[in-house]
Amino acid sequence: MKKINIAIDGPAAAGKSTIAKLVAQKFNMIYVDTGAMYRAITLYYIEQETEDFDRLVKEIDLKIVLDNGQRVILNGEDVSERIRQNDVTQKVSYVASKEPVRTFLVNEQQKLANEKNVVMDGRDVGTTVLPDAELKIYMIASVEERALRRLKDNELRGIESDLESLKLDIERRDQYDMNREISPLVKAEDAISIDTTGLTIEEVTNKISELAKSKMN
Ligand SMILES: Nc1ncnc2c1ncn2[C@@H]1O[C@H](COP(=O)(O)OP(=O)(O)OP(=O)(O)O)[C@@H](O)[C@H]1O
Ligand SMILES: Nc1ccn([C@@H]2O[C@H](COP(=O)(O)O)[C@@H](O)[C@H]2O)c(=O)n1
């Protein structure tokens, strides 16, 4: 079988990372969550209280440990759980709009995918990070369904939240990501759109797996 790269982009909570992980497991590929990298720089931004993004990316020591899931190590500390907290989520789209941050991370992500065999999810993977990826998916779902999925997710994790605030947060982040100047969230011309509204995780995984198989042969 031929080695390929798979890019999965789309708006917040569309199911990208859940499906990307499952597809990677199925084909013994490496899963890379690019959003986690933007979140790690955002955490450092919050800690440093500076708008000097050139300085931030020069100082940062970011390690992505890719075996069995993905751990994010920021300046020697495992921040994989910390970067999911609300203060980071609120600021991440702002930090991700800054040129030094994007240049730094796109370069890191391209290095991770250099040998092929990765399933990478994010907002600009098909358009900017891996424009030559053999398979590109643009994953969407209705805002209502995405907010409901997040609500269930939070309930399972014991995190208090309400549907209306989740919906507003998803819409706010999508608007910011779609309207920033550099590499906005947009479907790559050669990406295949998959609307996961009303589909199960298994159905979406199977759909993408079939597409992947056709590219590997
Ligand atoms: N097809 C699906 N049907 C039902 N639930 C799903 C489906 N896909 C994903 N989910 C659930 O929706 C939630 C959000 O999914 P996930 O975190 O994978 O989205 P995401 O696109 O990676 O989000 P973000 O970009 O914000 O990180 C998870 O709880 C996941 O289990
Ligand atoms: N390729 C990417 C990935 C993410 N972002 C920004 O990070 C935010 C958090 O991403 P999650 O997938 O963890 O929700 C996202 O809202 C974007 O602002 C990005 O710009 N490019």
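**Overall fold, ligand shell and helix packing**

The protein chain has a radius of gyration of 17 Å, which agrees with the value near 17 Å that a compact globule of 217 residues would have; the radius is taken over C-alpha atoms, and the globule rule is 2.2 Å times the number of residues to the power 0.38. The model is predicted, so that local features need pLDDT of at least 70 and side-chain atom pairs count only at pLDDT 80 or more, whereas totals for chains, interfaces and linings use all residues. Residues are numbered from 1 along each chain as its sequence is written, while chains are lettered from A and ligands numbered from 1 in the order in which they are written.

Along the principal axes, the C-alpha atoms of the protein chain fill a box of roughly 50 × 40 × 30 Å. The chain has nine helices and eight strands (DSSP runs numbered from the N terminus, with H or I over at least four residues for helices and E over at least two for strands).

Ligand 1 is surrounded by 16 residues, the closest being Gly 15, Lys 16, Ser 17, Thr 18 and Arg 149; a residue is near the molecule if its C-beta atom, placed from the backbone, lies within 6 Å of it. At least two residues of this shell come from each of α1 (16-26), α7 (143-157) and α9 (201-216). The shell comprises six nonpolar, six polar and four charged residues (Ala, Val, Leu, Ile, Met, Phe, Trp, Tyr, Cys and Pro count as nonpolar, Asp, Glu, Lys and Arg as charged, and the others, Gly among them, as polar).

The axes of α1 and α9 come within 10 Å and cross at roughly 50 degrees; axes are lines fitted to C-alpha atoms, for helices over the stretch in contact, and angles run from 0 to 180 degrees between N-to-C directions. The two helices α1 and α9 are therefore oblique to each other (angles under 35 degrees count as roughly parallel, over 145 as roughly antiparallel, 65 to 115 as roughly perpendicular and the rest as oblique). In this contact, Thr 18, Ile 19, Leu 22, Val 23 and Lys 26 of α1 meet Ile 201, Val 204, Thr 205, Ile 208, Ser 209 and Ala 212 of α9, contact being defined by C-beta atoms, placed from the backbone, within 7 Å. Seven nonpolar, three polar and one charged residue make up the contact of α1 with α9.

Helix α7 packs against α8 (residues 163-179) at about 120 degrees, with the axes 9 Å apart, which makes α7 oblique to α8.

Notes
Contact = placed C-beta atoms within 7 Å.
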